[in-house]
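The following report describes selected features of one structure.

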Amino acid sequence: GFCGAFVLESSIVLVLELIRGPTLDQLVGAAAKRAEPPREWPARSFFAVVGIARALQHLHAHQPAIVHGDVKPSNVLMEPVVRNDIKCTYFSAKVTDFGMSAVLSGRG
């Protein structure tokens, strides 16, 4: 997420967290190359979908609402997270690339 910002000469510099993981596009592509999907794939898929839905719900809940405008697998970074309670590594989805985002000026 957002960590901070500062002005450097005439530019605004954003400081964001470093995500050490593939994009959703890369992750799905790697899984598709395997003869058999990993047994933990359903859990990983569930956490990815929930993460994307939560991110979009957060944006849409703002007043006025924010629309991402370019949600696609290459704009979702997948951060590996180890879950010992379910004995697998799943991926926390991070929606990125807000270049096409817009603030809705009104409803209706």
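The side chains of glutamate 17 and lysine 94 form a salt bridge, with an N to O distance of 3.6 Å; the term denotes a side-chain nitrogen of Lys or Arg within 4 Å of a carboxyl oxygen of Asp or Glu. Because glutamate 17 lies in the loop between β2 and α1 and lysine 94 in strand β5 (residues 88-95), this pair ties together parts that are 77 residues apart in sequence. Helices (H or I, at least four residues) and strands (E, at least two) are DSSP runs, numbered from the N terminus.

This is a predicted model, in which local features need pLDDT of at least 70 and side-chain atom pairs count only at pLDDT 80 or more, while totals for chains, interfaces and linings use all residues. Residues are numbered from 1 along each chain as its sequence is written, and side-chain values use heavy atoms, with hydrogens and water left out.

**Salt bridges**

By the rule above, the count comes to three salt bridges.

| Pair | N to O distance |
|---|---|
| Glutamate 17 and lysine 94 | 3.6 Å |
| Lysine 72 and aspartate 70 | 3.7 Å |
| Glutamate 79 and lysine 94 | 3.8 Å |

The side chains of glutamate 79 and lysine 94 meet in a salt bridge; this pair links distant parts of the chain, with glutamate 79 in strand β4 (residues 76-83) and lysine 94 in strand β5, 15 residues apart.

Accessibility is classed as buried (under 20% relative accessible area), exposed (over 50%) or partly exposed (in between), with a 1.4 Å probe and protein chains only.

**Helix α2**

Helix α2 comprises 21 residues (41-61), which at 1.5 Å a residue should span 30 Å; its end C-alpha atoms are 30 Å apart, in agreement. The expected span is 1.5 Å times one less than the number of residues. Arg44, Ala48, Gly51, Ile52 and Leu59 are buried in α2. Seen down the axis of α2, the buried residues fall within an arc of 90 degrees, so they line one face of the helix; the arc is that of the directions from the helix axis to the C-beta atoms. On the other side of α2, the exposed residues are Pro42, Phe46, Val49, Arg54 and Gln57.

Threonine 23 occupies the loop between β2 (11-16) and α1 (24-33). With a relative accessibility of 14%, threonine 23 counts as buried. Residues up to four places away in sequence aside, threonine 23 touches Pro73, Ser74, Val76, Leu77 and Met78, contact meaning heavy atoms within 4.5 Å.

Alanine 5 belongs to strand β1 (residues 2-8) and is partly exposed, at 48% relative accessible area. Beyond its neighbours within four places in sequence, alanine 5 is in contact with Val13 and Leu14.

**Nonpolar surface patch**

Val7, Ile12, Leu14 and Leu16 form a nonpolar patch on the surface, with about 460 Å² of accessible area together. Patches are made of residues with over 30% relative accessible area and no salt bridge, with like charges joined within 9 Å and nonpolar side chains (Val, Leu, Ile, Met, Phe, Trp, Tyr) within 5 Å; accessible areas come from the Shrake-Rupley method with a 1.4 Å probe, and for residues only the protein chains shown count as cover. Strand β2 gives the most to the nonpolar patch, with three residues. Leucine 16 lies in strand β2 and is exposed, with a relative accessible area of 54%.
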